[in-house]
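Dear colleague,

Please find below the structure I am handing over to you. My findings follow it.

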Amino acid sequence: MRPSSEERPDWRSYDSVAEIYVRVHQPRMALAAADLVALSEVAPGARVLDVGAGTGVVARAAAAATGPTGLVAGVDPSFPMLRQAAPQGGGVHYAAATAIDLPFRDAAFDDVFAAFVLPHFAKYDTALFDLMRVLKRGGRLGVTTWGTTEDEFSKAWRDVTWEFAEPEILRDSIARALPWEERFRDPERLKMALHEAGLRDILVSRRAYRYTISAEDYLQGRETSASGRFLREMLGEELWPRLQARAREVFAQRFDSQFNDFRDVNMAVGFKG
């Protein structure tokens, strides 16, 4: 018997995929995290907050920049993700919290980061308000979002998912999990949102990253994405393995067992006026 909707965890949460996430996604996220911290010019001794810290890639990069005299805190609503982050050390302090009503005083931090998290919020402007609240005047806010890259690998995954669910249903599910994903793929719209939140002298750049990854890890990564988590919930224990098998069949036919995956990232850094 399937658990009732009240008993099942929310598929939009990352709780159920934390272990796969740290193995598959973290190495790729770390590249953009290091660049974001470098672009923000985090100073030794700075006080830094990483909002939506996940497995801690930005927080650890920031802690390396602040050195032993600094303080870095990472917050995330997912306990399983934080449990993956904490054992990796780096001198970061973690807490479970959301970007709405952050548990910190006003102007507590020299730098605040929000890496790949803005699209998740139901009201991104409310989240940005609280990020700006805890940032001191003259401090930096650094943000990343995914760009518009769609390659043959993502198209192959999409085509497989369309064999199991109507495209409109999948688009609706992604909109429920990531309501602002399409909006913030556009660097100009990202810049405008940050400007309206009170950020000034905003530098926005688009950076391309290349990842060498096995087909199996790529597919596991897709299975932990918003569309993958939704489909697993929707299809259940009988049909979900069929989708997994079909995806592996398609990738074995079309691609090598290891390949290069390219992703565009929008990176924005500005000052609180």
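In which sense, left-handed or right-handed, does α2 pass α3? The crossing is right-handed; a crossing counts as right-handed if the near helix is turned clockwise from the far one by less than a right angle, and as left-handed if anticlockwise.

This is a predicted model, in which local features need pLDDT of at least 70 and side-chain atom pairs count only at pLDDT 80 or more, while totals for chains, interfaces and linings use all residues. Residues are numbered from 1 along each chain as its sequence is written, and side-chain values use heavy atoms, without hydrogens and water.

The helix pair. The axes of α2 (residues 26-40) and α3 (residues 57-66) come within 8 Å and cross at roughly 40°. Helices are DSSP runs of H or I with at least four residues, strands runs of E with at least two, numbered from the N terminus. Axes are lines fitted to C-alpha atoms, for helices over the stretch in contact, with angles from 0 to 180 degrees between N-to-C directions. Contact (heavy atoms within 4.5 Å) involves, among others, M29 and A33 of α2 and V58 and A62 of α3.

The sheet. Seven strands form an open, mixed sheet in the order β3-β2-β1-β4-β5-β7-β6; strands pair if DSSP finds at least two bridges between them. Its edge strands are β3 (93-96) and β6 (199-214). The twist averages 20° from one strand to the next. Helix α5 (residues 124-133) packs on this sheet, and its direction makes about 140° with that of β5. Helix α9 (residues 215-223) lies across β6 and β7.

Yours sincerely
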